[in-house]
Amino acid sequence: MPKATTSTFRVQPTSAAARPKKNGESSAGGSAAGGGGSGARNHLFDTAKFGQHILTNPLVAQGIVDKANLKPTDVVLEVGPGTGNLTVRILPACRKVIASEMDPRMAAEVQKRVLGKPEQKKLELIVGDFIKIDLPYFDVCISNTPYQISSPLVFKLLSQRPIPRCAVLMFQREFALRLVATPNTKLWCRLSANVQLYARVEHIMKVGKGNFRPPPQVESSVVRIMPRDPPPPIKFEEFDGLNRVIFSRANKTLRAGFKARGVAEMLEKNYRTWCAEQGVIIEDGFDIKKKIDDILEESGYSDNRAAKMDVDDLLKLLAAFNVAGM
């Protein structure tokens, strides 16, 4: 699994005008960062600081919790609880909730909502950067995800041991659709292949902009990720390295993709390192480009395109390179 990283929050300023609260609308909700907020600021918190968008639709919040199929014995990890709209619905359905929140103001609000209630003993709050913390044991993850950490969050969850049962996560719509994309479709990409190697992913709900305050500039979707247990015995770095090469020109043949600038030189360097470690003598006149062509021809994938190859095809191609010491 790649090392999860995060970056500085960068969001567009939101309008200073506050939208009036609608009848029956909850002020609670998870925080999710978008590429820039639009609409009014939250009247209780300066949500622009962390690019937060508070989930205000209680039906959507309950729907997310229901899709997790929680058991009374489950420990649930919630990422970005915001003011607790999801949290207060998760607590009655499980044994414990571990909530990771970046914003101390939001963490205090969640704590206040359960103060003096039986659920107070079931809630554990972690204030800090989710990407940088060591995760405790959990069975299920539920998150109204801060969008700028979508990719590192997914891979951090997939690298978690013991393996969690499932994760129900809200993402920006385009990112979610890439997670569930299939070969020979427009959105099938390196991200799709890397995630689907380790998990089954389902799109379970669309969430419109109007369900948040302030509303983000993008639509959202909820996906359910079910990690494969046991995970495939594949070195992620090698699988991702192959995908990095072939998906850079996804609609070209693999033969053409491996002729991209710098690819042959990189593979030759790696191959010579492997030969030195294994005590293999490289013959005079060795030509890395011919070796790559031979591997592609023998595997039968020379004229294939990454855009049309599924995970099994990618694994067979990786195995062909591994057999040849690459």
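The model is predicted. The chain has 326 residues, and 50% of them count as buried. It holds eleven helices and nine strands. Among contacts between residues at least 6 apart in sequence, 70% join residues at least 24 apart.

**Nonpolar cores**

- The largest nonpolar core has 66 residues.
- Phe-130 and Phe-258 make the most contacts inside this core.
- Phe-130 touches Leu-77, Val-79, Ser-100, Leu-135, Ile-149, Leu-153, Lys-156 and Leu-157, leaving aside residues up to four places away in sequence.
- Another core, of 28 residues, lies apart from the largest one.
- Among the residues of this other core are Ala-61, Val-140, Met-205 and Val-207.
- In soluble globular proteins, nonpolar side chains tend to be buried together.

**Annotated binding site**

- An unreviewed UniProt entry lists His-53, Leu-55, Gly-80, Glu-101, Asp-129 and Asn-144 under "binding site".
- Leu-55 sits in strand S1, which spans residues 54-55.
- Leu-55 counts as buried because its relative accessible area is 0%, and the cut-off is under 20%.
- Asn-144 sits in strand S5, which spans residues 140-144.
- Asn-144 also has a relative accessible area of 0%, so this residue is buried.

**Thr-253**

- Thr-253 lies in the loop between helix H7 (236-246) and helix H8 (254-257).
- Its relative accessible area is 18%, so Thr-253 is buried, given a cut-off of under 20%.
- Thr-253 touches Ser-302, Asp-303, Asn-304 and Arg-305, again leaving aside residues up to four places away in sequence.

**Cavities**

- The structure holds three cavities of 30 Å³ or more.
- The largest cavity has a volume of about 50 Å³.
- Its lining consists of Cys-141, Val-154, Leu-157, Leu-158, Pro-164, Cys-166, Ala-167, Leu-169, Ile-225 and Pro-227.
- Helix H4 (150-158), strand S6 (166-172) and strand S9 (220-227) are the elements that each give two or more residues to this lining.
- The lining of the largest cavity divides into ten nonpolar residues, no polar and no charged.
- Leu-157 belongs to this lining and is also one of the residues that Phe-130 touches.

**Largest pocket**

- The largest pocket holds about 460 Å³ of space.
- It is lined by 18 residues.
- Glu-238, Leu-267, Asn-270, Asn-322 and Met-326 are the lining residues nearest the pocket centre.
- The elements that give two or more residues to the lining of the largest pocket are H7, helix H9 (263-278) and helix H11 (311-323).
- H9 gives the most, with seven residues.
- The lining of the largest pocket divides into ten nonpolar, five polar and three charged residues.

Technical notes:
Residues numbered from 1 in each chain as written. Predicted model: local features only at pLDDT ≥ 70, side-chain atom pairs only at ≥ 80, totals over all residues. Heavy atoms only, no water. UniProt positions renumbered as here; feature names shortened; annotations may be inferred. Helix = DSSP H or I, 4+ residues; strand = E, 2+ residues; numbered from the N terminus. Buried < 20%, exposed > 50% of the residue type's maximum accessible area, 1.4 Å probe, protein only. Core = buried A, V, L, I, M, F, W, Y, C linked by side-chain atoms within 4.5 Å. Contact = heavy atoms within 4.5 Å. 1 Å grid on protein atoms, 1.4 Å probe; cavity = no way out; pocket = protein on both sides within 12 Å on 5 of 7 lines; lining within 4 Å. Points joined across faces, edges and corners; volume = space filled by probe spheres on them. Nonpolar A, V, L, I, M, F, W, Y, C, P; charged D, E, K, R; others polar.
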